[in-house]
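Subject: Structure for your review

Dear colleague,

Please find the structure below, together with its sequence. My notes on what was found in it follow directly after.

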Amino acid sequence: MTESSAPTMRPYGHQILICENGDCADPELATQLQQRFRELALVHGLAKLRNPKRVKCTLTDCLGVCSGGPILTVYPDGIWYHHVDAAVLERIVNEHLIGGQPVEEYIFHRLGAAGTETAPTDEQSYAPDRSGDAQEEAADAPNSVGTQLYSTPEARDRREANRKHRQQKGLVIVNTGNGKGKTTAALGVLTRAWGRDMRIGGIQFFKHENANYGELRALKRMGVELTPMGDGFTWTSRDMDETQAKALHGWEVAKQQIVSGDYAIFLLDEFTYVMHFGWLDANEVVAWLRKHKPPMLHLIITGRDAPEALVAFADLVTEMREVKHPFRDQGIKAQRGIEF
Ligand code: FES
């Protein structure tokens with residue numbers, strides 16, 4: 001091969017992949033991280049051609065662990081990082097890619113034992129597809145969108161259309177109405193999320209702190225703890241002040257848990273009553289959620305009489321309507337495994 005011929009291999013010291021699929025984090029964050037990486041790569045010379053330690057950064061579809069994102073993997077080391085933000089990325093670049101020391105506190109999975117990572121060498125042989133090289137080297141090409149580069153305008157439009165189609169957000173889901181099944185439906189969604197290894201939390205307003213209903217038993221067995229905050233429904237309360245105080249305390253606890261980032265899906269069970277009784281202003285609750293709910297957190301709120309402001313704010317609202325009821329129509333009392 002002469003100096004002027006195109007190389008048959010474009011070696012990389014490392015390749016990092018950042019999930020942009022959207023189940024683990026807002027896809028926009030992946031794009032921002034890739035952009036930040038490009039800036040760091042320029043500063044450290046990691047983008048230079050013929051540098052055996054150069055690093056390629058690619059946005060990719062789901063990496064198979066759809067929570068705790070953004071997810072970033074480093075190859076060929078086989079190290080998976082989660083909760084990656086700009087600061088963590090900078091540490092990964094400085095400590096791992098340049099310094100050879102993985103950032104242990106953000107690793108949630110590794111293919112080999114710690115310390116067995118492959119350090120990039122001058123004989124580096126890892127060579128991803130060459131078409132990716134063209135993308136990195138033509139940073140100002142006319143068909144670029146954000147930090148992505150495309151061979152034709154059609155390819156760019158297709159990719160953008162796909163990206164928009166895939167866009168996801170944490171939904172606000174309201175189950176309301178006078179029929180049965182509001183909480184049961186919510187727990188069904190939690191079970192679905194549990195089956196997807198998502199982190200689940202929730203507050204049960206008005207349920208007694210010692211409540212041990214069948215659904216709570218099931219969740220406990222699944223390792224999911226909902227926090228019961230109430231002292232029973234208001235119409236059985238002997239002390240309304242205490243009921244109100246517990247419900248308001250429940251909202252304070254809920255707020256802390258919602259902003260904690262510890263959950264992918266969160267349930268506020270029977271929460272509509274707190275607003276319906278006038279203990280909390282629905283507009284203020286919505287304003288707080290609008291400002292503080294993490295964008296990818298799914299929030300489910302149940303209870304009768306959902307206030308208008310909440311219904312307007314929610315993405316999905318379902319009204320349960322009672323058509324027949326075994327007690328009202330036949331005098332059949334609540335039964336184990338069905339009602340509790
Ligand atoms: S959606 Fe990001 S890892 Fe699955």
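I begin with the loop between β3 and β4 (79–81), where P76 has its place; helices (H or I, at least four residues) and strands (E, at least two) are DSSP runs, numbered from the N terminus. Y75 and P76 are joined by a cis peptide bond, with omega about 5°. A further cis peptide bond leads from G69 to P70, with omega near -5°. P70 is placed in the loop between β2 (55–60) and β3 (72–75).

Please note that this is a predicted model, in which local features need pLDDT of at least 70 and side-chain atom pairs count only at pLDDT 80 or more, while totals for chains, interfaces and linings use all residues. Residues are numbered from 1 along each chain as its sequence is written.

Overall composition

The secondary structure of the protein chain comes to 11 helices and 11 strands. Of its 340 residues, 31% count as buried. A residue is termed buried if 20 or more other C-beta atoms lie within 10 Å of its own, exposed if 12 or fewer, and partly exposed in between, with C-beta atoms placed from the backbone. Among contacts between residues at least 6 apart in sequence, 73% join residues at least 24 apart; two residues are in contact if their C-beta atoms, placed from the backbone, lie within 7 Å.

The five-stranded sheet

The strands β2, β1, β3, β4 and β5 form, in the order β2-β1-β3-β4-β5, an open sheet with mixed pairing. Two strands are taken to pair if DSSP finds at least two bridges between them. β2 and β5 (107–110) stand at the edges with a single partner strand each, so one side of each is left without a neighbour in the sheet. On average, neighbouring strands of this sheet are turned by 20° against each other, direction ignored. β3 and β4 run antiparallel and are joined by three bridges; T73 stands opposite W80 in β4. Helix α1 packs on the sheet, where it touches β1 (14–19) and β2, and its direction makes about 170° with that of β2. Axes are lines fitted to C-alpha atoms, for helices over the stretch in contact, and angles run from 0 to 180 degrees between N-to-C directions.

Helices α1 and α2

The axes of α1 (residues 27–44) and α2 (residues 86–98) come within 10 Å and cross at roughly 40°. The two helices are therefore oblique to each other; angles under 35 degrees count as roughly parallel, over 145 as roughly antiparallel, 65 to 115 as roughly perpendicular and the rest as oblique. Their crossing is right-handed, meaning that the near helix is turned clockwise from the far one by less than a right angle. The contact is made by L33, R36, F37, L40 and H44 of α1 together with A86, L89, E90, V93 and I98 of α2.

F37, in helix α1, is buried, with 25 other C-beta atoms within 10 Å. Leaving aside residues up to four places away in sequence, F37 touches C57 and L89. The C-alpha atoms of F37 and E90 are separated by 7.8 Å, although the two residues are 53 apart along the chain.

Strand β10 (residues 298–302) is mostly covered, since five of its five residues are buried. In a regular strand the side chains alternate between the two faces of the sheet. Both faces of β10 are covered, with H298, I300 and T302 buried on one side and L299 and I301 on the other. β10 runs parallel to strand β6 (residues 172–177), to which four bridges join it, and V174 has I301 as its bridge partner there. Four bridges also join β10 to strand β9 (residues 265–269), again in parallel; I265 stands opposite H298.

E270, in the loop between β9 and α8 (272–276), has phi near 65° and counts as buried, with 23 C-beta neighbours inside 10 Å. D305 has a phi of about 55° and lies in the loop between β10 and α10 (308–313). With 12 C-beta neighbours inside 10 Å, D305 counts as exposed.
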